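Please read them with the model open.

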Amino acid sequence: MTVYTLDEIIEITNGGSWTEAEYSASEKDIYVVKVTNMVNGSIAETPNDSYLPESLFNKYKNHQLKSGDICIATVGSHPSQQGSVVGRTIKIQDVYSGSFLNQNAAILRPKDESILANSFF
C-alpha cells in the first residue's frame, strides 16, 4: 500500500482578494462565493451577493471553482455570523461551477483522481 502526505495529493488554493471597486452589481457577471454564503454545507445566496465583471476573469481565474471542489472557511466568527465559521465546509454544486471564491476560504482539490477520487474526498 502506498502512503501519501496530504500535500502530495491535495492542491490548496486560497480564495481571491479584490477591491470593493472591482465588484459588479450585475447577476450576469461572475458570482463570488464568500464565507458568509457558506451555510449548512452548501451555498446560501443573499440579496447582498457579489459579482466580478467578466473582464476580470483572467486576472482572478486561479480562484475559479469547479463542480465537486471542497471549500473550507479559514476565518473565525464575526457579528453577522451565528456561531463560529472557521472550518465550515461546502462542496461546490454544478450550478456554482465557474464562480470565484473570495478571501478567508480555501479550495481543496485532489491533484490526481487516480490516487484520490474527488467524490471520496
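The points below take up the aromatic pairs and the residues that form them.

1. The model is a predicted one, and the structure holds 5 aromatic pairs. A pair of aromatic rings is described by the distance of the centres and the angle of the planes.

2. In the pair of Trp18 and Tyr60, the ring centres lie 4.8 Å apart and the planes stand at 70 degrees; because planes over 60 degrees apart count as edge-to-face, this pair is edge-to-face. The two residues are 42 residues apart and link distant parts of the chain, with Trp18 in the loop between strand E1 (10–14) and strand E2 (30–33) and Tyr60 in helix H2 (residues 57–60).

3. Both partners of that pair fall under the 20% limit for buried residues, since Trp18 has a relative accessibility of 10% and Tyr60 one of 8%.

4. Tyr31 and Tyr96 form a tilted aromatic pair, with 5.6 Å from centre to centre and 40 degrees between the planes. Because Tyr31 lies in strand E2 and Tyr96 in the loop between strand E7 (89–91) and strand E8 (100–101), the pair ties together parts that are 65 residues apart in sequence.

Technical notes
Residues are numbered from 1 along each chain as its sequence is written. This is a predicted model: local features need pLDDT of at least 70, side-chain atom pairs count only at pLDDT 80 or more; totals for chains, interfaces and linings use all residues. Side-chain values use heavy atoms; hydrogens and water are left out. Rings of Phe, Tyr and Trp (its six-membered ring) pair if their centres lie within 6.5 Å; planes under 30 degrees apart count as stacked, over 60 as edge-to-face and the rest as tilted. Helices (H or I, at least four residues) and strands (E, at least two) are DSSP runs, numbered from the N terminus. Buried means under 20% relative accessible area, exposed over 50%, partly exposed in between (1.4 Å probe, protein chains only).
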